[in-house]
Amino acid sequence: MLVSTVAATAVAFGIPLLAVPAPNVGPLPDHCVTVTPCVYIDPPLDPWAPPAGAVVTYHGRGWQPREELDASWGSYCPPTDDCLGAGMGTTFRADARGRFVFRLRHGTRPPAGPGPKGAGSEAASFASQMRAGSDGEALIREGAFAPPRSTGRQRREARGVAAAMTAYERALVRLRPRTVPATDRYNDDVDRCQDVLRARSPAERRIVDRVTDAAIAAASWNLSPGPRRALAERLAALRVTDEQLRIGVEAWIRAARRPQWAPRPGLCAELRRWRAAGSPPDAPPLSPSQPLLQEEITGSLEVGLASRRLEELRADKDAAAAFAGGVFDLTRYVDP
């Protein structure tokens, strides 16, 4: 079992939980722009947390005529309650053109009027009862914002960024013959030094957690600086001009070019030296001013917005998720 808090946070996809401007949304298209079938959201509200009473409308496109669909969403959770919305749903059919309009009110009462609708919390997803997706599982679509108008150059830039991220992921996967043994050694190290991993205070726990995060990163996606440096150079060579995308790309370049800390000769040795010195909070093994790659990327609003911009510019969704931090999913590079 990998001992790291990164595994829980670095695989978080999408935009960081910060104040995010409203999305740049184009007119509702008559067809699916990137993937078919599709579902577009109108108006451009965050479907996971719209204002109380707001109605989010989902417009289905590209489904089979009269296709039977299952809509799923969460039960209503008032903003002041700490609850998990779950277990709500209904079944309906697309029309003769393979379209539908589904309305979901953020509250306890469905909106008035005809057609499929519901009330609750969180975003709705739509699953076909008639066919499977490429993975053999049920074909499921979640709502997306209609992509804004863009130029051919902007879309080419987005494809270039997506290709760079895909190449980076593949380079990390090719390192598995090295990262798997490295993470095995990390786990063995953890087993040997449980005494120094136990923190005596919250301040010590923060230090130990950050050091273990850096140690598992050094055994996985930071094991070799080659892929990271290659990504930085490839992104820089694109000379991105789209402003929102450029800002996020520049943040990635800065983070990827920064040297990354690794425990020498290992995690236990670093922590034992620190413990032997009296666990000084002002002299931890890893300086608080030393950014970690995964922290910089997953905590960056600029990167999150650029990830969303990649999707707006019709780039590959998986690459956009990788750009926002999905590339740090440990299970892809090491044994679970």
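Tutor: Start with one term: a residue is buried under 20% relative accessible area, exposed over 50%, and partly exposed in between, using a 1.4 Å probe and protein chains only. The model is predicted, so local features need pLDDT of at least 70 and side-chain atom pairs count only at pLDDT 80 or more, while totals for chains, interfaces and linings use all residues. Residues are numbered from 1 along each chain as its sequence is written, and side-chain values use heavy atoms, with hydrogens and water left out.

Now to helix α7. Helices (H or I, at least four residues) and strands (E, at least two) are DSSP runs, numbered from the N terminus. Helix α7 covers residues 243-257, and helix α6 covers residues 225-238. Two packed helices are described by the angle between their axes and the distance between the axes. Each axis is a line fitted to C-alpha atoms, for helices over the stretch in contact, and angles run from 0 to 180 degrees between N-to-C directions.

The axes of α6 and α7 come within 9 Å and cross at roughly 150°. Angles under 35 degrees count as roughly parallel, over 145 as roughly antiparallel, 65 to 115 as roughly perpendicular, and the rest as oblique. So α6 and α7 are roughly antiparallel. Their crossing is left-handed: the near helix is turned anticlockwise from the far one by less than a right angle, whereas clockwise would be right-handed.

Contact means heavy atoms within 4.5 Å. On the α6 side, R228, L231, A232, E233, L235 and A236 take part; α7 supplies V249, W252, I253, A256 and R257. These residues divide into eight nonpolar, no polar and three charged. Nonpolar covers Ala, Val, Leu, Ile, Met, Phe, Trp, Tyr, Cys and Pro; charged covers Asp, Glu, Lys and Arg; the others, Gly among them, are polar.

Helix α2 also packs against α7, at about 25° and with the axes 11 Å apart. That makes α2 and α7 roughly parallel, therefore. This crossing is left-handed too. E157, A158, V161, M165 and Y168 of α2 meet L245, V249 and W252 of α7.

Next, R309 in helix α10 (residues 301-312). R309 is buried at 7% relative accessible area. Leaving aside neighbours within four places in sequence, R309 touches N24, P148, Q154, D242, Q244 and L245. D242 also lies 9.8 Å from T151, C-alpha to C-alpha, though they are 91 residues apart in sequence. T151 sits in the loop between β7 (138-142) and α2 (152-174), and T151 is partly exposed at 43%.

Finally, the rings. Rings of Phe, Tyr and Trp (its six-membered ring) pair if their centres lie within 6.5 Å; planes under 30 degrees apart are stacked, over 60 edge-to-face, and the rest tilted. That gives 13 aromatic pairs. F102 and F126 form an edge-to-face pair, 5.5 Å centre to centre with 80° between the planes. F102 is in strand β5 (residues 100-106) and F126 in strand β6 (residues 117-132), so the pair ties together parts 24 residues apart in sequence. F102 is buried at 0%, and F126 is buried at 0%. W221 and F328 have ring centres 5.0 Å apart and planes at 55°, so that pair is tilted. W221 lies in the loop between α5 (202-218) and α6, and F328 in the segment after α11 (317-323), so this pair ties together parts 107 residues apart in sequence. Both W221 and F328 are buried.
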